[in-house]
Amino acid sequence: MAVTQSKATSRDGKGVERLVEIMARLRDPQTGCPWDVAQDFASIAPYTIEEAYEVLDAINRDDMGDLKEELGDLLLQVVFHSQMASEADRFTLEDVAETISDKMVRRHPHVFGEAEARDSAAQTRAWEEQKALERAQKLGGDPEDVSALQGVAKALPALLRAEKLQKRAARTGFDWATPEPIFDKLTEETGELKEAMATDDIAHIEEEMGDVLFVCANLARRLGIDPEVALRKANDKFEARFRAMEDLAKEDGVSFAELSLDQQEALWTRVKASRRQD
């Protein structure tokens with residue numbers, strides 16, 4: 001679908017409508033941008049994921065200016081995918097908006113229907129029940145015949161997917177009553193990892209390492225901690241301490257990389273001590 005230049009580049013259109021018009025022109029086979037025209041769903045998907053993480057980064061930095069910009073970049077991804085689908089006569093951005101609107105109304109009967117208002121915990125249960133029903137309907141079966149793990153996307157980051165799988169399993173009663181037994185499981189899995197390391201079997205070591213990480217994710221879930229958030233903060237803490245070590249080495253007139261491990265450890269201890277005093 002071609003769009004005239006004046007329409008696509010002016011502000012006569014408003015908001016999302018203008019963005020749709022711009023994307024249509026970018027994708028025009030004759031007059032559009034060669035790069036945009038060459039893209040498909042698979043080639044754009046990595047950018048979609050990247051933009052979602054950049055939204056998260058702006059939120060974590062509490063930068064509302066960046067958040068507005070990054071949300072725009074993410075919205076562009078939705079429009080891009082919808083434009084490609086429209087060109088293939090599959091669906092449009094309007095269809096996308098109608099589908100999510102219908103879903104929100106369907107999943108909030110206490111707001112848009114006759115159901116009674118519930119507390120947050122009850123509403124969460126009702127939400128999950130409705131999602132399970134929808135998954136079963138997609139597969140054309142009875143909710144009781146559909147796995148509790150159905151629909152947990154394989155493309156999710158592994159740590160996040162582990163948490164979601166465990167939450168789904170827990171709803172069926174497959175869960176520890178308290179976090180304490182998970183520590184025993186963690187000890188068991190680290191022991192198996194050590195045994196695997198003694199065999200030099202890389203595939204076996206990888207498997208056991210995965211089991212250790214899976215148990216760690218489960219422990220975080222039972223403690224009410226988001227493992228992705230916890231690991232992200234640990235990454236930030238490590239980065240800050242490492243950079244501080246590099247700065248201390250520069251102050252001492254030496255290259256950090258040329259220090260012995262014992263000397264580097266001494267700097268690490270200095271950094272930790274200074275951070276505790278702050």
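The following legends describe close-up views of a predicted model.

**View A. A negative surface patch that includes Asp95 of helix H6.**
Helix H6 spans residues 93-106 and contains Asp95. The relative accessible area of Asp95 is 36%, and this residue is therefore classed as partly exposed, a category lying between the limits of 20% and 50%.

**View B. A nonpolar surface patch made by Val16, Leu75 and Val78.**
The side chains of Val16, Leu75 and Val78 contribute to a nonpolar surface patch of about 200 Å². Val16 belongs to helix H2, which covers residues 15-26. With a relative accessible area of 39%, Val16 is partly exposed.

**View C. Met209 in helix H11 and its separation from Lys194.**
Helix H11 comprises residues 202-222, and Met209 is located within this element. The relative accessibility of Met209 is 35%, so the residue counts as partly exposed. Lys194 stands 15 residues from Met209 along the chain, and the C-alpha atoms of the two residues are 9.5 Å apart.

A disulfide is a covalent bond joining the sulfur atoms of two cysteines.

Methods. Residues are numbered from 1 along each chain as its sequence is written. This is a predicted model: local features need pLDDT of at least 70, side-chain atom pairs count only at pLDDT 80 or more; totals for chains, interfaces and linings use all residues. Side-chain values use heavy atoms; hydrogens and water are left out. Patches are made of residues with over 30% relative accessible area and no salt bridge: like charges are joined within 9 Å, nonpolar side chains (Val, Leu, Ile, Met, Phe, Trp, Tyr) within 5 Å. Accessible areas come from the Shrake-Rupley method with a 1.4 Å probe; for residues, only the protein chains shown count as cover. A salt bridge is a side-chain nitrogen of Lys or Arg within 4 Å of a carboxyl oxygen of Asp or Glu. Lys and Arg count as positive and Asp and Glu as negative; His and the chain ends are not counted. The place of a charge is taken as NZ of Lys, CZ of Arg, CG of Asp or CD of Glu. Helices (H or I, at least four residues) and strands (E, at least two) are DSSP runs, numbered from the N terminus. Buried means under 20% relative accessible area, exposed over 50%, partly exposed in between (1.4 Å probe, protein chains only).
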